[in-house]
Amino acid sequence: MVPDAEFTSYYGRPIIKSPTWKVPDVPLYLYLGGAAGTSASLAALADLTGRPALRIVGRYTALGGALVSVGALVHDLGRPTRFLNMLRVIKPTSPLSVGSWILSPFGTLAGIAAASELTGLLPGIGRLAGVGAGLVGPAMTTYTAVLLANTAVPAWHEGYQELPFLFAGSAMAAGGGFGLLATGDVTPARRVAVAGAALELTATAVLERRIGFARKAYTTGRPGMLLKVARAATVAGAAAAVAGGVLGGRRGRLAGIAAGVLLNAGSAATRFGVFDAGMVSAKDPAYTVVPQRERMAAREAAAEREV
Amino acid sequence: MSNSLYGPLADPSADAGYPDGHPPRVGFFTDTSVCIGCKACEVACKEWNALPADGAHHDQPDLLDLTGMSYDNTGALGASTYRHVAFIEQTVPRRESPTVDLGMPAPPEGRGDPTEVRWLMSSDVCKHCTHAACLDVCPTGALIRTEHGTVLVQDDICNGCGYCIPACPYGVIDQRKGPKELGGGGAFKCTMCQDRLGAGLQPACATACPTESIQFGPLDELRERADARLATLHEHGVPEARLYGHDPDDGVGGDGAFFLLLDEPEVYGLPPDPVVTTRDLPSMWRHAAVAALTVAATVAASFVGGRR
Ligand code: SF4
Ligand code: SF4
């Protein structure tokens, strides 16, 4: 669908190439990577403050998320057997290079922590690895935003200031949501989940207000619907999380589980929606031409004012 | 390293670490005003680079694919199409050329069709940007700056992650579909015939072009030639002629392959004001760092206070 705006194109063909990244590989990687990052941080502090149930859920989520993330990333490669070439260089100008150097140590540390949890062996090393993963965790939640934003895809690039916060919020909602599935004291997970939901909703609202022409990609069509579903699930999940805290006891735990499921559904839908919005904006030349024309017109107007 | 991400950069090869004495930066000046749409460049490129067939929609090797876009059944640049000749048919007000008086009765004035069809043809190619987003974002180091100042994919390194593809502001580089033996899975684009440059030859397309629409040479020289050509065209009553991608102050620091066009860039499928995405990368990293610290602080704060 072409947004109603005056613009010319070459037979309606796209100007930029759409990402060859596949669904569900990449949106899943965005979602689970974020959930894993938050979970590792939660697990580390749960460990240090003596909350074993939260630690266990956190460590397993961190490893599971990291494993599926790596799997999705490798599966998405055009030449999967060369995945180790990702670690051939370190390039700050390539968010995928930086991301690989975040994901690999994170996955390794999360793996050691989870293995120690599972076997009960080397608890000291498990704790050390868990704390390490917990320190890397926050980076896991936001580098993927730069990964998307550092492209010519209008809906992603134009949102580069908000996407890191949107992804951070979404990751906290998901990771906190997983923590709510634990038994025992889940208060920290609840707080993280609710704060994450609030940050995700705020960042999305700011993005849609500020992004200009690409707003349409986020608010209409399939991405618009996905993001609406995401918003509803996130709001309901946050409400359930709060209710769980107020109720306490068995009913509180049930509310917490419902919150965990809803928040994760919301977080996943957000990533699929953001991914989809980018694809829509890549396929339609209007998203490339109209803002660039506006930019040129503004520049010319400014130059004229100076004369 | 100043201006490494954005802005004018006199010598990208030196910036990439080549020592003094490396060859001069070379490029293409594609003067579309003399293009006759013969597609010799497309054919020469396919042949020299042994590129596999691809259909007009590039995902199926269907030779009979017709686009319905004038004489263009190539469609776009792609992983197996490094030169693409665009065809645009425009209805414009008829231009009267001065007639020779043969003493015959003149045709009545103001009759007939006041319009005529104008053809625009342009051979598109990778721009070999001064600030190449594809190169910046490549995580494996497969994409490199060559000693000639061009941008090259090393096929034996590329793992097909696909990052370069949406990074290119011109939609040039793409992932090749098809079997592994033919490069399937990897990213491909114009090499400026790296294998010919080393032997002192011109790229295949420039060699084949019968009208010198595609001119190859040291970039400084091409820029001078383009300015002169533009002045000539303006003198000769072609005010719509304009250069595209020649300006080192533009959003990509100037293109190694630039054009003389006869209409707005988007008419040819080119972005009117491309900007290399990595211009904003430092700010992106700052935002991501603040967001990550927000996560760390939130998680830490959520453990504050007693337990129930
Ligand atoms: S035009 Fe695209 S593919 Fe070519 S050098 Fe520039 S960014 Fe890379
Ligand atoms: S650029 Fe030259 S060879 Fe290519 S189509 Fe035009 S005239 Fe023919």
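## Salt bridges

Over all chains, the structure holds 23 salt bridges, a salt bridge being a side-chain nitrogen of Lys or Arg within 4 Å of a carboxyl oxygen of Asp or Glu. This is a predicted model, in which local features need pLDDT of at least 70 and side-chain atom pairs count only at pLDDT 80 or more, while totals for chains, interfaces and linings use all residues. Residues are numbered from 1 along each chain as its sequence is written, chains are lettered from A and ligands numbered from 1 in the order in which they are written, and side-chain values use heavy atoms, with hydrogens and water left out.

In chain B, the side chains of B:D54 and B:K46 meet in a salt bridge with an N to O distance of 2.9 Å. B:D54 counts as buried at 16% relative accessibility, whereas B:K46, at 24%, counts as partly exposed; buried means under 20% relative accessible area, exposed over 50%, and partly exposed in between (1.4 Å probe, protein chains only).

## A network in chain A

Salt bridges that share partners join A:D47, A:R55, A:R59, A:E117 and A:R127 into one network. Within it, A:D47 pairs with A:R127, the closest N and O atoms being 3.1 Å apart. This pair links distant parts of the chain, since A:D47 lies in helix 1 (residues 25-48) and A:R127 in helix 4 of chain A, 80 residues apart; helices are DSSP runs (H or I, at least four residues), numbered from the N terminus. A:D47 is buried, with a relative accessible area of 9%, but A:R127 is partly exposed at 39%. A:D47 also forms a salt bridge with A:R55, with the closest N and O atoms 3.8 Å apart, and both of these residues are buried.

## Nonpolar cores

The largest nonpolar core has 124 residues, and those with the most contacts inside it are A:L163, A:Y218 and B:F28. Such a core is a set of buried Ala, Val, Leu, Ile, Met, Phe, Trp, Tyr and Cys residues joined through side-chain atoms within 4.5 Å. Helix 4 (residues 123-149) of chain A gives the largest share of this core, 8 residues. A second, separate core of 22 residues includes A:A168, A:A173, A:A197 and A:L263.

## Around the ligands

Of the 14 residues around ligand 1, B:C126, B:K127, B:C129, B:C134 and B:C168 come nearest, where a residue is near a molecule if one of its heavy atoms lies within 4 Å of it. Around ligand 2 there are also 14 residues, of which B:C35, B:C38, B:K39, B:C41 and B:C209 come nearest.

Notes:
Helix = DSSP H or I, 4+ residues; strand = E, 2+ residues; numbered from the N terminus.
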